[in-house]
Amino acid sequence: MRARQGAKPLADLVGKAMTPACRKRGFASVDILAAWPDIVGERYGERVQPDRIIWPRRTGEDGEMTADPATLVVHTDGATALMLSHETRQLIERINTFYGWAAIGRIKITQKPVEVRRKPKPRALRSLTGEEEARLESQLETVANDRLREALKKLGAQVIARSGDDKI
């Protein structure tokens, strides 16, 4: 009899399905696409989208294929393209830091409409009951540092409000 496997995270399944499509576009994996907003920051996270990576291959003197830094093709609207063109060096540094090596040497900007994805607003958390607040306060009364105690109180309140469990 086979052992039942637990539920798999959706990200694992989608990642496996997306990887072949990404490889056709020059991306080694979906990692850079998933982390794109974190890599480029708020200004460009929603307004610039990576399209493909062009990897030039050259034969070295010893006959081995060598990989030169690639060209990342991104697309964005006209106004953002102008701003982005002035900050490509910083963007290349951020991307290469993400990869851990000098993978990207150039960014080619193409202008076309970008679908701006709106982040869903986080749902409002419920207020804690008096009993929950009192229990949280009692658990934090031994913390001497005021800033740390306030940070832990805020975190604890969010955990309790989300889980509905007053045991931290």
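Mentor: Axes here are lines fitted to C-alpha atoms, for helices over the stretch in contact, and angles run from 0 to 180 degrees between N-to-C directions. Helices (H or I, at least four residues) and strands (E, at least two) are DSSP runs, numbered from the N terminus. The model is predicted: local features need pLDDT of at least 70, side-chain atom pairs count only at pLDDT 80 or more, and totals for chains, interfaces and linings use all residues. Residues are numbered from 1 along each chain as its sequence is written, and side-chain values use heavy atoms, without hydrogens and water.

Now the pair. Helix α2 (residues 31–40) packs with helix α5 (residues 88–99) at about 130 degrees, their axes 11 Å apart. The two are therefore oblique to each other; that class is what remains after under 35 degrees (roughly parallel), over 145 (roughly antiparallel) and 65 to 115 (roughly perpendicular).

Contact means heavy atoms within 4.5 Å. On the α2 side, Asp 31, Ile 32, Ala 35, Trp 36, Ile 39 and Val 40 make it. On α5 it is Leu 91, Arg 94, Ile 95, Phe 98 and Tyr 99.

Next, the core. A nonpolar core is a set of buried (under 20% relative accessible area, 1.4 Å probe, protein chains only) Ala, Val, Leu, Ile, Met, Phe, Trp, Tyr and Cys residues joined through side-chain atoms within 4.5 Å. The largest has 18 residues; Trp 36 and Ile 95 are among those that touch the most other members. α2 gives the most to this core, five residues.

Methods: Buried means under 20% relative accessible area, exposed over 50%, partly exposed in between (1.4 Å probe, protein chains only).
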